[in-house]
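Please keep the sequence and the model in view while reading.

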Amino acid sequence: MAEKYNNLNKVHQILDLNSDTKMEYPDEGIINYLLMGNIKPLSPRYNLTTIKCVFNYKELKMYRKSRFMYSEKEYIDANNKPGIIHYTNNFIVRRPWQSGVKHSHPLEKYFVKYKNDSEWKNITTPEEHVGLPKKIVRMVFEINGMLCTVLTGFIYSYIKPLKYDKLIVSKD
C-alpha cells in the first residue's frame, strides 16, 4: 500500500510541476527532478544528440557549461558506434529528414539507411526552413567557428535559461 501511495504522490508531483513550472525540457526535467539521487547516467551512445556529433570535445565543453560531462573517450566511442541517435535541432546542421544542399548531419547515413529499408523510402523530405537567426549564426560559424561556438555557448548557457524557472538537480 505504501508503494502505491508513493507512486500516486509522484504522479501528483509531476502534474504540479508540469502545470506550474516553466522548463525547457519538461519531460526530462521533471523525471530528473523527481528521481534525483536514484538515477545514473547512461552512456552517450544511448542518447547521441546532434551537438555531440558536430562539436569536438573541447568545443562541446566551451558550448555547454554543463555540471556533468562524459569523458572524451565516451563521446568518441558514441560517435563511432551509436546506439540511439537523437537528431536534435542544431544551428550548424539540418536534420536528416530535411532536404538541402549544405549542412548535412554527420550521422545522416544511419537515417537514410533505415528510411530506405522502410515503407517511407519513397517519401520526399521537405526543405529545411532556415530563419534569419540561423542564417546569421551559420555565416559567423563559417567565418570563425570557435568565436561562434563561444558566443552561442554563452547565449545557450546564460541568456536562454533566464526564461525558465530553475529546478536544481544534483549531479550526484
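## Salt bridges

The structure holds 6 salt bridges, a salt bridge being a side-chain nitrogen of Lys or Arg within 4 Å of a carboxyl oxygen of Asp or Glu. Side chains of opposite charge can pair when their charged atoms come close. One of these bridges joins K102 and E142, with an N to O distance of 3.4 Å. This pair links distant parts of the chain, since K102 lies in the loop between β2 and α6 and E142 in helix α7, 40 residues apart. Helices are DSSP runs of H or I with at least four residues, strands are runs of E with at least two, and both are numbered from the N terminus. K102 counts as partly exposed because its relative accessibility is 48%. Here buried means under 20% relative accessible area, exposed means over 50%, and partly exposed lies in between, with a 1.4 Å probe and protein chains only.

A further bridge is formed by R138 and E128, at 2.8 Å from N to O. R138 belongs to helix α7 and E128 to the loop between α6 and α7, so that the pair, 10 residues apart, links distant parts of the chain. R138 is buried, with a relative accessible area of 7%, and E128 counts as buried at 11%. Salt bridges with shared partners join E128, K134 and R138 into one network. D117 and K113 also meet in a salt bridge, at 3.5 Å from N to O; D117 is exposed at 57% relative accessible area, while K113 counts as partly exposed at 43%.

## Basis of the model

This is a predicted model, in which local features need pLDDT of at least 70 and side-chain atom pairs count only at pLDDT 80 or more, while totals for chains, interfaces and linings use all residues. Residues are numbered from 1 along each chain as its sequence is written, and side-chain values use heavy atoms, with hydrogens and water left out.

## Overall organisation

The secondary structure of the protein chain comes to 8 helices and 2 strands. Along the sequence these elements follow the pattern α-α-β-α-α-α-β-α-α-α. Of the 172 residues in the protein chain, 27% are buried. Among contacts (heavy atoms within 4.5 Å) between residues at least 6 apart in sequence, 66% join residues at least 24 apart.

## Nonpolar cores

A nonpolar core is a set of buried Ala, Val, Leu, Ile, Met, Phe, Trp, Tyr and Cys residues joined through side-chain atoms within 4.5 Å. The largest such core has 13 residues, and F55, Y63, F91 and I92 have the most contacts inside it. The elements that give two or more residues to this core are α3 (51–54), α4 (57–63) and α8 (145–159). Helix α4 gives the most, with 3 residues. Leaving aside neighbours within four places in sequence, Y63 is in contact with I51, F55, F91, T149, T152, G153, Y156 and S157. A second, separate core of 5 residues includes L48, C53, A78 and L107.

## Individual helices

In helix α2 (residues 26–34), G29, I30 and L34 are buried. Seen down the axis of α2, its buried residues fall within an arc of 115°, so they line one face of the helix; the arc is that of the directions from the helix axis to the C-beta atoms.

K52 is found in helix α3 and counts as buried, at 14% relative accessibility. Apart from neighbours within four places in sequence, K52 is in contact with P44, N47, L60, Y75 and N79. V137, in helix α7 (residues 132–143), is in contact with F91, C148 and T152 when its neighbours within four places in sequence are left aside. V137 and I92 are 45 residues apart in sequence, with their C-alpha atoms 8.0 Å apart in space.

## A loop residue

H103 lies in the loop between β2 (85–86) and α6 (108–116). The phi angle of H103 is near 65°, a positive value in a residue other than glycine. H103 counts as partly exposed, at 23% relative accessibility.
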